[in-house]
Amino acid sequence: MSIHELSVRFAAYLAQELSSDQRQELRMAYGLEILLGEIVKLIVIISFSWMLGILPEVLTITVSAGILRLASGGEHCSEYYRCLIGGTAWFLFLGWGIHCLNAFLNQSTINISAGLLFFISIIIIFKYAPGETENKPINSDEERKKFKKWSVSIMIIYGVIVVLFTYLEVLNTFVLPMAAGIIAQAFTVSPAGYGFIHFVDRALDFSRG
């Protein structure tokens, strides 16, 4: 049984027990599928990043992006296996790149780079968040404003954390991966991010032969 089928069945059971309508049932199924899928993806990402020796960077990027995604939304692939392959490859690539940059750049350059990435990210979030998908449409201006407010609030908290990390030597190495995770998620709510993910989705469509 696939994650999608398991989520749909469990959502149907919950909807029956809670007397929920079809719209609520679909939302529960979508939420469960995302939750289960992210757990599996996180396990895969942690396993590969540990084997490659880049676990701290990849885990920081993944968690930073994941928390922001809860509020900001954003595009994803149409099939779970494409999200798993594409997401794993993307986070491992980012983690490897940040690992190399942390070893190569001095702390001042890292702090300036992280600040620039954060500044670009908050502009994207202000302009495009929340990003809706076919499975998770935003049905009202009130709902859109709510998710926008949550997204901006998370960004403000992130900004404070990044600044604190720049002053704490023991946490300096997390500044750049955190900024990378933030901009990676912000990218998914932008038009360029939607286009890129659609490209990845088509590239990973093995059914076309």
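The accessible surface of the protein chain comes to about 12,300 Å². Carbon and sulfur atoms account for 68% of that area. These values come from a predicted model.

Now the fold. The protein chain has 8 helices and 0 strands. Read along the sequence, the pattern is α-α-α-α-α-α-α-α. The radius of gyration is 18 Å, close to the 17 Å that the globule rule gives for 209 residues, so the chain is as compact as a globular protein of that length. The C-alpha trace spans about 55 × 40 × 30 Å along its principal axes.

Finally, the cysteines. How many disulfides are there? A pair counts as a disulfide when its cysteine sulfur atoms lie within 2.5 Å. By this rule the count is 0. Is Cys 83 buried or exposed? Cys 83 has a relative accessible area of 17%. The cut-off for buried is under 20%, so Cys 83 is buried. Cys 100 has a relative accessible area of 34%. That value falls between the 20% and 50% limits, so Cys 100 is partly exposed.

Technical notes: Residues are numbered from 1 along each chain as its sequence is written. This is a predicted model: local features need pLDDT of at least 70, side-chain atom pairs count only at pLDDT 80 or more; totals for chains, interfaces and linings use all residues. Side-chain values use heavy atoms; hydrogens and water are left out. Helices (H or I, at least four residues) and strands (E, at least two) are DSSP runs, numbered from the N terminus. The radius of gyration is taken over C-alpha atoms; the globule rule is 2.2 Å times the number of residues to the power 0.38. Accessible areas come from the Shrake-Rupley method with a 1.4 Å probe; for residues, only the protein chains shown count as cover. Buried means under 20% relative accessible area, exposed over 50%, partly exposed in between (1.4 Å probe, protein chains only).
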